[in-house]
Amino acid sequence: MQSNTRRQIFMPFLFGLLVALGVFIGRNFFSAPGGKSNSLMIYPQANKLDALMNLIEEEYVDTVDMQAIEERIIPEILKDLDPHSVYIPAKDLNKVNEELQGNFGGIGVQFSMQNDTVMVIQVISGGPSEKVGILPGDRIVAVDDSIIAGKEISTDEVMKKLRGEMGTSVKVGVLRRPNKELIDFSITRGAIPIYSVDVSYMVDETTGYIKVDRFAQNTYQEFLTALAKLKANNCQQVIIDFRGNSGGLLEVAIGLCNEFLPAKDLIVYTEGKSQKRHNVYANGAGTCQDTKVIVLIDEFSASASEIFAGAIQDNDRGLVIGRRSFGKGLVQQQIPLPDGSALRLTVARYHTPSGRCIQKPYEDGVDEYYGDIYKRLEHGEFYSADSIQFDDELKYTTKNGRTVYGGGGIMPDIFVPRDTSMITDYFYHLRINGIMYRYALQYTDNNRQNLEQLTTADEIKNYLDKQNILTDFIRFAKDKGVAFNQTEYNVSKALIDTELKAYIARNILDNEGFYPIIHEVDDIFLKAMEEAQKDR
(Lines give C-alpha, C1' and ligand atoms only; values in the text may rest on other atoms or scores of the structure.)
Protein backbone atom coordinates (compact mmCIF):
# COMPACT_ATOMS: atom_id res chain seq x y z
CA MET A 1 0.00 0.00 0.00
CA GLN A 2 2.85 2.33 0.90
CA SER A 3 4.81 1.35 -2.25
CA ASN A 4 1.75 2.10 -4.40
CA THR A 5 1.44 5.51 -2.81
CA ARG A 6 5.07 6.27 -3.56
CA ARG A 7 4.57 5.15 -7.17
CA GLN A 8 1.58 7.47 -7.57
CA ILE A 9 3.63 10.39 -6.23
CA PHE A 10 6.70 9.57 -8.39
CA MET A 11 4.97 8.92 -11.77
CA PRO A 12 3.90 12.52 -12.48
CA PHE A 13 7.52 13.67 -11.90
CA LEU A 14 8.80 10.94 -14.28
CA PHE A 15 6.27 11.85 -16.95
CA GLY A 16 7.21 15.53 -16.73
CA LEU A 17 10.88 14.68 -17.01
CA LEU A 18 10.27 12.64 -20.16
CA VAL A 19 8.26 15.47 -21.75
CA ALA A 20 11.02 17.97 -20.97
CA LEU A 21 13.63 15.63 -22.36
CA GLY A 22 11.59 15.17 -25.55
CA VAL A 23 11.30 18.94 -26.04
CA PHE A 24 15.05 19.33 -25.49
CA ILE A 25 15.90 16.61 -28.00
CA GLY A 26 13.43 17.98 -30.54
CA ARG A 27 14.84 21.48 -30.35
CA ASN A 28 18.47 20.46 -30.44
CA PHE A 29 18.49 17.49 -32.77
CA PHE A 30 15.51 17.94 -35.11
CA SER A 31 15.48 21.71 -35.60
CA ALA A 32 17.11 23.75 -38.29
CA PRO A 33 19.95 26.13 -37.36
CA GLY A 34 18.80 29.38 -35.80
CA GLY A 35 15.81 27.76 -34.15
CA LYS A 36 13.82 27.30 -37.40
CA SER A 37 11.59 24.29 -37.38
CA ASN A 38 12.42 21.48 -39.82
CA SER A 39 10.15 22.01 -42.84
CA LEU A 40 10.09 18.36 -43.81
CA MET A 41 9.02 17.28 -40.29
CA ILE A 42 6.36 19.94 -39.76
CA TYR A 43 5.23 20.42 -43.37
CA PRO A 44 5.49 17.01 -45.07
CA GLN A 45 5.07 17.21 -48.86
CA ALA A 46 3.74 14.52 -51.20
CA ASN A 47 5.81 15.86 -54.12
CA LYS A 48 9.36 14.58 -53.70
CA LEU A 49 10.81 17.04 -56.21
CA ASP A 50 9.33 20.06 -54.40
CA ALA A 51 10.47 18.63 -51.07
CA LEU A 52 14.01 18.14 -52.38
CA MET A 53 14.21 21.65 -53.82
CA ASN A 54 12.94 23.16 -50.54
CA LEU A 55 15.42 21.15 -48.50
CA ILE A 56 18.33 22.26 -50.70
CA GLU A 57 17.24 25.89 -50.51
CA GLU A 58 16.68 25.92 -46.73
CA GLU A 59 19.07 23.35 -45.30
CA TYR A 60 22.03 22.93 -47.66
CA VAL A 61 25.37 23.97 -46.19
CA ASP A 62 26.12 26.57 -48.90
CA THR A 63 24.03 29.08 -50.84
CA VAL A 64 23.16 27.68 -54.25
CA ASP A 65 21.61 29.11 -57.41
CA MET A 66 18.22 27.40 -57.37
CA GLN A 67 17.29 28.71 -60.82
CA ALA A 68 20.43 27.18 -62.31
CA ILE A 69 19.53 23.84 -60.72
CA GLU A 70 16.04 24.02 -62.22
CA GLU A 71 17.52 24.80 -65.66
CA ARG A 72 19.55 21.58 -65.44
CA ILE A 73 16.84 19.38 -63.94
CA ILE A 74 13.98 20.18 -66.35
CA PRO A 75 15.74 18.98 -69.54
CA GLU A 76 16.72 15.75 -67.79
CA ILE A 77 13.10 15.07 -66.81
CA LEU A 78 11.86 15.72 -70.35
CA LYS A 79 14.62 13.63 -71.91
CA ASP A 80 13.19 10.53 -70.23
CA LEU A 81 9.75 11.12 -71.77
CA ASP A 82 10.53 11.10 -75.50
CA PRO A 83 13.14 12.59 -77.85
CA HIS A 84 11.00 15.54 -78.91
CA SER A 85 9.74 16.94 -75.60
CA VAL A 86 12.23 19.72 -74.86
CA TYR A 87 12.79 22.71 -72.60
CA ILE A 88 13.72 26.03 -74.21
CA PRO A 89 15.45 28.53 -71.88
CA ALA A 90 14.24 32.12 -72.10
CA LYS A 91 17.56 33.27 -73.60
CA ASP A 92 17.19 30.83 -76.50
CA LEU A 93 13.46 31.12 -77.21
CA ASN A 94 13.62 33.90 -79.81
CA LYS A 95 16.33 32.12 -81.77
CA VAL A 96 14.48 28.80 -81.64
CA ASN A 97 11.25 30.43 -82.83
CA GLU A 98 12.88 32.32 -85.71
CA GLU A 99 12.70 29.43 -88.17
CA LEU A 100 9.00 28.85 -87.46
CA GLN A 101 8.11 32.55 -87.39
CA GLY A 102 9.87 33.15 -90.69
CA ASN A 103 11.85 36.33 -89.97
CA PHE A 104 14.46 37.95 -87.75
CA GLY A 105 16.14 41.30 -87.31
CA GLY A 106 19.23 41.65 -89.47
CA ILE A 107 20.94 43.48 -92.32
CA GLY A 108 19.81 41.23 -95.20
CA VAL A 109 22.88 39.52 -96.64
CA GLN A 110 24.00 35.97 -97.29
CA PHE A 111 27.70 35.62 -96.58
CA SER A 112 30.48 33.09 -96.47
CA MET A 113 33.84 33.01 -94.71
CA GLN A 114 36.62 33.34 -97.29
CA ASN A 115 40.18 33.33 -95.92
CA ASP A 116 38.99 34.56 -92.49
CA THR A 117 37.02 37.34 -94.14
CA VAL A 118 33.25 37.78 -94.41
CA MET A 119 32.37 37.86 -98.11
CA VAL A 120 28.86 38.86 -99.18
CA ILE A 121 27.38 36.24 -101.52
CA GLN A 122 23.87 37.60 -102.00
CA VAL A 123 22.04 40.76 -100.94
CA ILE A 124 18.36 40.23 -100.14
CA SER A 125 16.20 42.24 -102.49
CA GLY A 126 14.58 45.19 -100.73
CA GLY A 127 16.49 44.49 -97.54
CA PRO A 128 18.45 46.97 -95.38
CA SER A 129 21.82 46.25 -97.02
CA GLU A 130 20.53 46.68 -100.56
CA LYS A 131 19.02 50.03 -99.60
CA VAL A 132 22.40 51.43 -98.50
CA GLY A 133 24.35 49.96 -101.44
CA ILE A 134 26.01 46.77 -100.19
CA LEU A 135 26.92 44.56 -103.20
CA PRO A 136 27.72 40.87 -103.74
CA GLY A 137 31.48 40.39 -103.48
CA ASP A 138 31.89 43.04 -100.76
CA ARG A 139 34.12 42.05 -97.83
CA ILE A 140 32.83 43.05 -94.40
CA VAL A 141 36.06 43.88 -92.59
CA ALA A 142 34.75 45.73 -89.54
CA VAL A 143 31.55 45.79 -87.48
CA ASP A 144 30.90 48.75 -85.16
CA ASP A 145 34.55 49.82 -85.45
CA SER A 146 35.83 46.36 -84.45
CA ILE A 147 38.00 44.59 -87.02
CA ILE A 148 36.68 41.08 -87.70
CA ALA A 149 38.80 40.16 -90.76
CA GLY A 150 41.69 37.81 -90.11
CA LYS A 151 40.49 37.02 -86.58
CA GLU A 152 39.38 33.39 -87.16
CA ILE A 153 35.90 34.48 -86.15
CA SER A 154 33.14 31.88 -86.48
CA THR A 155 30.02 32.22 -88.61
CA ASP A 156 27.87 32.24 -85.46
CA GLU A 157 29.89 35.12 -84.00
CA VAL A 158 29.48 37.12 -87.21
CA MET A 159 25.74 36.53 -87.15
CA LYS A 160 25.51 37.71 -83.54
CA LYS A 161 27.25 40.94 -84.50
CA LEU A 162 25.08 41.60 -87.57
CA ARG A 163 21.73 40.52 -86.16
CA GLY A 164 19.84 42.50 -83.55
CA GLU A 165 16.64 44.26 -82.68
CA MET A 166 14.78 45.66 -85.66
CA GLY A 167 15.25 49.42 -85.92
CA THR A 168 18.71 49.42 -84.35
CA SER A 169 21.77 50.42 -86.38
CA VAL A 170 25.03 48.66 -87.07
CA LYS A 171 28.09 50.20 -88.70
CA VAL A 172 30.06 48.05 -91.15
CA GLY A 173 33.35 48.72 -92.87
CA VAL A 174 33.43 47.22 -96.37
CA LEU A 175 36.32 46.50 -98.72
CA ARG A 176 35.18 46.57 -102.34
CA ARG A 177 37.49 45.58 -105.17
CA PRO A 178 39.44 47.23 -106.74
CA ASN A 179 39.35 49.91 -103.99
CA LYS A 180 41.87 49.60 -101.19
CA GLU A 181 40.10 51.97 -98.81
CA LEU A 182 37.27 50.87 -96.53
CA ILE A 183 33.78 52.13 -97.29
CA ASP A 184 31.67 52.78 -94.18
CA PHE A 185 27.97 51.98 -94.16
CA SER A 186 25.43 52.53 -91.40
CA ILE A 187 22.65 49.93 -91.76
CA THR A 188 19.35 49.99 -89.90
CA ARG A 189 18.37 46.43 -89.10
CA GLY A 190 15.01 45.31 -90.46
CA ALA A 191 12.80 42.23 -90.68
CA ILE A 192 14.66 39.68 -92.77
CA PRO A 193 12.49 36.88 -94.15
CA ILE A 194 13.61 33.29 -93.72
CA TYR A 195 12.32 31.58 -96.82
CA SER A 196 11.14 28.01 -96.52
CA VAL A 197 10.54 27.34 -100.22
CA ASP A 198 14.09 27.15 -101.55
CA VAL A 199 13.23 27.20 -105.23
CA SER A 200 10.49 26.61 -107.79
CA TYR A 201 11.12 26.26 -111.51
CA MET A 202 9.89 24.50 -114.65
CA VAL A 203 12.03 21.47 -115.40
CA ASP A 204 10.47 20.94 -118.83
CA GLU A 205 7.42 22.18 -120.74
CA THR A 206 4.87 20.66 -118.34
CA THR A 207 6.78 19.60 -115.19
CA GLY A 208 7.38 21.91 -112.26
CA TYR A 209 9.63 21.44 -109.24
CA ILE A 210 9.30 22.90 -105.72
CA LYS A 211 11.84 22.42 -102.93
CA VAL A 212 10.41 22.95 -99.41
CA ASP A 213 13.01 23.30 -96.67
CA ARG A 214 10.77 23.60 -93.56
CA PHE A 215 7.17 24.10 -92.46
CA ALA A 216 7.09 27.60 -90.97
CA GLN A 217 4.37 30.22 -90.57
CA ASN A 218 5.03 31.68 -94.02
CA THR A 219 5.52 28.35 -95.85
CA TYR A 220 1.92 27.94 -97.04
CA GLN A 221 1.83 31.37 -98.67
CA GLU A 222 5.26 30.80 -100.25
CA PHE A 223 4.05 27.45 -101.55
CA LEU A 224 0.93 28.98 -103.10
CA THR A 225 3.09 31.64 -104.78
CA ALA A 226 5.39 28.93 -106.15
CA LEU A 227 2.42 26.93 -107.47
CA ALA A 228 0.93 30.02 -109.13
CA LYS A 229 4.27 30.73 -110.81
CA LEU A 230 4.46 27.18 -112.17
CA LYS A 231 0.83 27.09 -113.29
CA ALA A 232 1.37 30.33 -115.19
CA ASN A 233 4.00 28.40 -117.16
CA ASN A 234 1.71 25.47 -118.08
CA CYS A 235 2.64 23.20 -115.18
CA GLN A 236 0.58 20.01 -115.37
CA GLN A 237 2.58 17.89 -112.94
CA VAL A 238 4.69 18.90 -109.99
CA ILE A 239 7.59 17.32 -108.12
CA ILE A 240 7.62 18.39 -104.44
CA ASP A 241 10.94 17.82 -102.71
CA PHE A 242 10.92 17.29 -98.92
CA ARG A 243 14.36 15.70 -98.69
CA GLY A 244 16.20 16.98 -95.64
CA ASN A 245 13.02 18.70 -94.39
CA SER A 246 12.76 17.93 -90.65
CA GLY A 247 9.22 19.32 -90.33
CA GLY A 248 7.65 22.20 -88.45
CA LEU A 249 4.07 23.35 -88.02
CA LEU A 250 1.35 20.70 -88.35
CA GLU A 251 -1.27 23.12 -89.66
CA VAL A 252 1.04 24.17 -92.50
CA ALA A 253 1.48 20.55 -93.62
CA ILE A 254 -2.32 20.21 -93.58
CA GLY A 255 -2.66 23.34 -95.73
CA LEU A 256 -0.24 22.00 -98.33
CA CYS A 257 -2.00 18.62 -98.43
CA ASN A 258 -5.35 20.33 -98.90
CA GLU A 259 -4.16 21.78 -102.22
CA PHE A 260 -3.93 18.29 -103.74
CA LEU A 261 -6.73 16.25 -102.16
CA PRO A 262 -10.44 16.23 -103.04
CA ALA A 263 -13.13 17.07 -100.50
CA LYS A 264 -13.60 14.67 -97.57
CA ASP A 265 -10.30 12.85 -98.10
CA LEU A 266 -8.70 12.30 -94.69
CA ILE A 267 -5.38 14.14 -94.39
CA VAL A 268 -4.28 13.14 -90.87
CA TYR A 269 -5.64 12.47 -87.43
CA THR A 270 -4.09 13.08 -84.01
CA GLU A 271 -4.77 11.32 -80.74
CA GLY A 272 -3.29 11.39 -77.24
CA LYS A 273 -4.05 10.43 -73.64
CA SER A 274 -5.72 13.76 -72.92
CA GLN A 275 -6.65 14.57 -76.51
CA LYS A 276 -9.49 12.75 -78.22
CA ARG A 277 -9.06 11.64 -81.79
CA HIS A 278 -9.19 14.64 -84.13
CA ASN A 279 -9.69 14.00 -87.85
CA VAL A 280 -8.62 16.55 -90.46
CA TYR A 281 -10.22 16.33 -93.90
CA ALA A 282 -9.58 18.14 -97.18
CA ASN A 283 -12.18 20.82 -97.83
CA GLY A 284 -12.26 20.53 -101.61
CA ALA A 285 -10.91 24.05 -102.21
CA GLY A 286 -7.42 22.93 -103.29
CA THR A 287 -6.01 24.37 -106.50
CA CYS A 288 -4.13 21.24 -107.62
CA GLN A 289 -6.68 18.45 -107.23
CA ASP A 290 -6.13 17.41 -110.85
CA THR A 291 -2.38 18.04 -110.96
CA LYS A 292 -0.14 14.98 -111.03
CA VAL A 293 2.10 15.01 -107.95
CA ILE A 294 5.34 13.26 -107.05
CA VAL A 295 6.82 13.58 -103.55
CA LEU A 296 10.54 13.16 -102.82
CA ILE A 297 11.68 12.04 -99.36
CA ASP A 298 14.81 10.66 -97.72
CA GLU A 299 16.04 9.53 -94.31
CA PHE A 300 16.06 13.13 -93.05
CA SER A 301 12.46 13.91 -94.02
CA ALA A 302 10.47 14.02 -90.78
CA SER A 303 7.27 15.08 -89.03
CA ALA A 304 5.28 17.46 -91.26
CA SER A 305 7.11 16.10 -94.33
CA GLU A 306 5.89 12.64 -93.41
CA ILE A 307 2.34 13.90 -92.87
CA PHE A 308 2.29 15.20 -96.46
CA ALA A 309 3.93 12.10 -97.94
CA GLY A 310 1.65 9.79 -95.91
CA ALA A 311 -1.51 11.62 -96.97
CA ILE A 312 -0.56 11.49 -100.66
CA GLN A 313 0.42 7.83 -100.41
CA ASP A 314 -2.53 6.56 -98.34
CA ASN A 315 -5.05 8.36 -100.55
CA ASP A 316 -3.32 6.96 -103.67
CA ARG A 317 -3.07 10.54 -104.89
CA GLY A 318 0.49 10.41 -106.24
CA LEU A 319 3.88 8.75 -106.06
CA VAL A 320 6.38 8.91 -103.20
CA ILE A 321 9.97 8.41 -104.38
CA GLY A 322 13.28 8.20 -102.51
CA ARG A 323 14.26 6.43 -99.30
CA ARG A 324 12.48 5.62 -96.02
CA SER A 325 11.80 8.77 -94.01
CA PHE A 326 12.97 9.52 -90.47
CA GLY A 327 9.93 8.30 -88.49
CA LYS A 328 8.65 11.14 -86.28
CA GLY A 329 4.97 10.77 -85.47
CA LEU A 330 4.75 12.80 -82.27
CA VAL A 331 2.94 16.14 -81.98
CA GLN A 332 4.41 18.87 -79.75
CA GLN A 333 2.62 21.80 -78.18
CA GLN A 334 4.68 24.83 -77.15
CA ILE A 335 3.73 25.95 -73.64
CA PRO A 336 5.08 29.31 -72.39
CA LEU A 337 6.41 29.50 -68.82
CA PRO A 338 6.27 32.59 -66.56
CA ASP A 339 9.99 33.43 -66.85
CA GLY A 340 9.91 33.63 -70.67
CA SER A 341 11.08 30.08 -71.26
CA ALA A 342 8.90 27.39 -72.83
CA LEU A 343 8.22 23.68 -73.01
CA ARG A 344 7.63 21.82 -76.24
CA LEU A 345 5.68 18.91 -74.82
CA THR A 346 4.53 15.88 -76.77
CA VAL A 347 0.74 15.79 -76.43
CA ALA A 348 -0.40 13.40 -79.16
CA ARG A 349 0.58 11.05 -81.94
CA TYR A 350 -0.40 11.69 -85.52
CA HIS A 351 -1.67 8.97 -87.82
CA THR A 352 -1.81 8.85 -91.60
CA PRO A 353 -5.20 8.27 -93.30
CA SER A 354 -4.76 4.47 -93.33
CA GLY A 355 -4.33 4.55 -89.54
CA ARG A 356 -0.58 3.99 -89.27
CA CYS A 357 1.59 5.87 -86.81
CA ILE A 358 4.97 6.16 -88.42
CA GLN A 359 6.80 7.10 -85.17
CA LYS A 360 9.86 4.88 -84.81
CA PRO A 361 10.69 3.36 -81.39
CA TYR A 362 12.39 5.55 -78.79
CA GLU A 363 12.35 3.38 -75.67
CA ASP A 364 16.15 2.97 -75.65
CA GLY A 365 16.84 6.67 -75.14
CA VAL A 366 17.68 9.78 -77.14
CA ASP A 367 21.16 8.69 -78.28
CA GLU A 368 19.89 5.41 -79.70
CA TYR A 369 16.92 7.18 -81.26
CA TYR A 370 19.01 9.61 -83.29
CA GLY A 371 21.72 7.01 -83.86
CA ASP A 372 19.19 4.91 -85.74
CA ILE A 373 20.21 6.71 -88.95
CA TYR A 374 23.75 5.31 -88.65
CA LYS A 375 22.39 1.85 -87.94
CA ARG A 376 20.37 2.06 -91.14
CA LEU A 377 23.53 2.99 -93.02
CA GLU A 378 25.51 0.11 -91.50
CA HIS A 379 22.66 -2.30 -92.20
CA GLY A 380 22.69 -1.36 -95.87
CA GLU A 381 19.25 0.24 -95.97
CA PHE A 382 20.42 3.25 -97.98
CA TYR A 383 21.56 0.95 -100.75
CA SER A 384 18.93 -1.80 -100.87
CA ALA A 385 15.20 -1.84 -100.18
CA ASP A 386 15.44 -5.57 -99.44
CA SER A 387 17.35 -4.82 -96.22
CA ILE A 388 14.23 -3.19 -94.70
CA GLN A 389 12.00 -5.54 -92.72
CA PHE A 390 8.49 -4.52 -91.65
CA ASP A 391 6.32 -6.02 -88.94
CA ASP A 392 3.23 -7.72 -90.44
CA GLU A 393 1.25 -6.63 -87.38
CA LEU A 394 1.75 -3.03 -88.56
CA LYS A 395 0.29 -3.66 -92.03
CA TYR A 396 -2.25 -1.16 -93.37
CA THR A 397 -3.97 -0.56 -96.69
CA THR A 398 -4.34 2.55 -98.82
CA LYS A 399 -7.62 3.78 -100.29
CA ASN A 400 -7.12 1.52 -103.33
CA GLY A 401 -5.97 -1.47 -101.27
CA ARG A 402 -2.20 -1.22 -101.57
CA THR A 403 -0.19 -2.42 -98.55
CA VAL A 404 1.76 0.10 -96.47
CA TYR A 405 3.45 -0.27 -93.10
CA GLY A 406 3.64 1.68 -89.85
CA GLY A 407 6.26 1.50 -87.14
CA GLY A 408 8.99 3.71 -88.48
CA GLY A 409 8.88 6.24 -91.28
CA ILE A 410 7.22 6.38 -94.70
CA MET A 411 8.51 3.78 -97.13
CA PRO A 412 8.43 5.28 -100.64
CA ASP A 413 6.49 3.68 -103.47
CA ILE A 414 9.69 3.71 -105.52
CA PHE A 415 12.96 3.18 -103.63
CA VAL A 416 16.08 4.87 -105.01
CA PRO A 417 19.36 3.74 -103.44
CA ARG A 418 22.27 6.03 -102.78
CA ASP A 419 24.60 6.16 -105.77
CA THR A 420 28.26 5.89 -104.76
CA SER A 421 29.59 4.97 -108.20
CA MET A 422 31.36 8.34 -108.60
CA ILE A 423 32.52 8.67 -104.97
CA THR A 424 36.28 8.13 -104.59
CA ASP A 425 38.80 8.99 -101.89
CA TYR A 426 39.91 11.94 -104.01
CA PHE A 427 36.35 13.28 -104.19
CA TYR A 428 35.85 12.59 -100.49
CA HIS A 429 38.85 14.73 -99.53
CA LEU A 430 37.68 17.51 -101.84
CA ARG A 431 34.25 17.40 -100.19
CA ILE A 432 35.32 17.12 -96.56
CA ASN A 433 37.74 20.03 -96.91
CA GLY A 434 35.21 22.22 -98.72
CA ILE A 435 37.55 22.60 -101.70
CA MET A 436 34.85 22.81 -104.37
CA TYR A 437 32.86 25.35 -102.40
CA ARG A 438 35.96 27.48 -101.71
CA TYR A 439 37.02 27.35 -105.35
CA ALA A 440 33.54 28.37 -106.48
CA LEU A 441 33.69 31.42 -104.20
CA GLN A 442 37.09 32.44 -105.53
CA TYR A 443 36.14 31.86 -109.16
CA THR A 444 32.93 33.85 -108.76
CA ASP A 445 34.79 36.68 -107.10
CA ASN A 446 37.43 36.84 -109.83
CA ASN A 447 34.91 36.64 -112.69
CA ARG A 448 31.91 38.44 -111.25
CA GLN A 449 31.64 41.04 -114.01
CA ASN A 450 31.20 38.38 -116.69
CA LEU A 451 29.01 36.06 -114.63
CA GLU A 452 26.59 38.78 -113.59
CA GLN A 453 25.67 39.31 -117.25
CA LEU A 454 24.11 35.82 -117.25
CA THR A 455 20.50 35.44 -116.11
CA THR A 456 19.74 31.69 -116.09
CA ALA A 457 21.36 28.48 -114.87
CA ASP A 458 21.66 27.26 -118.45
CA GLU A 459 23.50 30.42 -119.49
CA ILE A 460 25.97 30.06 -116.62
CA LYS A 461 26.50 26.36 -117.35
CA ASN A 462 27.11 27.02 -121.05
CA TYR A 463 29.55 29.81 -120.19
CA LEU A 464 31.47 27.62 -117.74
CA ASP A 465 31.60 24.74 -120.23
CA LYS A 466 33.87 26.93 -122.37
CA GLN A 467 36.21 28.00 -119.56
CA ASN A 468 37.98 24.70 -118.76
CA ILE A 469 37.64 25.35 -115.05
CA LEU A 470 38.62 21.77 -114.09
CA THR A 471 42.31 22.30 -114.92
CA ASP A 472 42.37 25.43 -112.79
CA PHE A 473 40.46 23.64 -110.04
CA ILE A 474 42.96 20.76 -109.86
CA ARG A 475 45.77 23.30 -109.28
CA PHE A 476 43.66 25.03 -106.62
CA ALA A 477 43.00 21.72 -104.83
CA LYS A 478 46.73 20.87 -104.84
CA ASP A 479 47.52 24.26 -103.29
CA LYS A 480 44.98 23.49 -100.55
CA GLY A 481 46.64 20.17 -99.75
CA VAL A 482 44.57 17.63 -101.74
CA ALA A 483 46.94 15.58 -103.89
CA PHE A 484 45.79 14.80 -107.41
CA ASN A 485 44.90 11.19 -108.29
CA GLN A 486 44.30 10.71 -112.01
CA THR A 487 42.49 7.37 -111.76
CA GLU A 488 40.08 8.53 -109.06
CA TYR A 489 39.63 11.87 -110.78
CA ASN A 490 38.47 10.10 -113.93
CA VAL A 491 35.80 8.27 -111.91
CA SER A 492 34.60 11.43 -110.12
CA LYS A 493 35.13 13.94 -112.91
CA ALA A 494 31.47 14.37 -113.96
CA LEU A 495 30.37 14.82 -110.34
CA ILE A 496 33.13 17.35 -109.59
CA ASP A 497 32.38 19.28 -112.76
CA THR A 498 28.65 19.47 -112.03
CA GLU A 499 29.08 20.50 -108.39
CA LEU A 500 31.56 23.25 -109.29
CA LYS A 501 29.19 24.74 -111.85
CA ALA A 502 26.23 24.46 -109.47
CA TYR A 503 28.08 26.27 -106.66
CA ILE A 504 29.25 29.03 -109.00
CA ALA A 505 25.71 29.45 -110.33
CA ARG A 506 24.38 29.63 -106.77
CA ASN A 507 26.79 32.49 -106.02
CA ILE A 508 25.22 34.46 -108.86
CA LEU A 509 21.56 33.36 -109.05
CA ASP A 510 21.08 31.76 -105.62
CA ASN A 511 19.03 28.53 -105.69
CA GLU A 512 17.55 29.38 -109.09
CA GLY A 513 21.05 28.75 -110.40
CA PHE A 514 22.03 25.86 -108.15
CA TYR A 515 19.22 23.32 -108.41
CA PRO A 516 18.76 23.11 -112.22
CA ILE A 517 22.45 22.19 -112.49
CA ILE A 518 22.88 19.89 -109.46
CA HIS A 519 19.80 17.93 -110.51
CA GLU A 520 21.82 16.53 -113.40
CA VAL A 521 23.56 14.18 -110.92
CA ASP A 522 20.61 13.69 -108.54
CA ASP A 523 19.34 10.10 -108.92
CA ILE A 524 16.13 10.58 -106.93
CA PHE A 525 15.22 13.65 -108.97
CA LEU A 526 16.07 11.89 -112.23
CA LYS A 527 13.86 8.94 -111.25
CA ALA A 528 11.02 11.37 -110.49
CA MET A 529 11.42 12.94 -113.93
CA GLU A 530 11.31 9.49 -115.52
CA GLU A 531 8.00 8.79 -113.74
CA ALA A 532 6.64 12.26 -114.55
CA GLN A 533 7.19 11.70 -118.26
CA LYS A 534 5.25 8.44 -118.35
CA ASP A 535 1.78 8.46 -119.90
CA ARG A 536 2.25 11.91 -121.42
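A salt bridge is a side-chain nitrogen of Lys or Arg within 4 Å of a carboxyl oxygen of Asp or Glu. In this predicted model, R402 and D316 meet in such a bridge through their side chains, at 2.7 Å from N to O. The pair links distant parts of the chain, 86 residues apart: R402 sits in the loop between β19 (395-397) and β20 (403-405), and D316 in the loop between α10 (304-314) and β16 (319-322). R402 is partly exposed, with a relative accessible area of 32%.

The structure holds 31 salt bridges. Another of them joins the side chains of R139 and D445, with 2.4 Å between N and O.

K360 lies in the loop between β18 (342-351) and α11 (366-379), while D372 belongs to helix α11, 12 residues apart.

Turning to the strands, S200 is part of β10 (residues 197-202). S200 counts as buried because its relative accessibility is 6%, under the 20% cut-off. Beyond its neighbours within four places in sequence, S200 contacts Y209, I210, A226, K229, L230 and E512.

The structure holds 1 cavity of 30 Å³ or more, and the largest cavity has about 40 Å³ of space. Its lining consists of Q114, N115, R438, Q442, F476 and K480, which divide into 1 nonpolar, 3 polar and 2 charged residues.

Terms used: Residues numbered from 1 in each chain as written. Predicted model: local features only at pLDDT ≥ 70, side-chain atom pairs only at ≥ 80, totals over all residues. Heavy atoms only, no water. Helix = DSSP H or I, 4+ residues; strand = E, 2+ residues; numbered from the N terminus. Buried < 20%, exposed > 50% of the residue type's maximum accessible area, 1.4 Å probe, protein only. Contact = heavy atoms within 4.5 Å. 1 Å grid on protein atoms, 1.4 Å probe; cavity = no way out; pocket = protein on both sides within 12 Å on 5 of 7 lines; lining within 4 Å. Points joined across faces, edges and corners; volume = space filled by probe spheres on them. Nonpolar A, V, L, I, M, F, W, Y, C, P; charged D, E, K, R; others polar.
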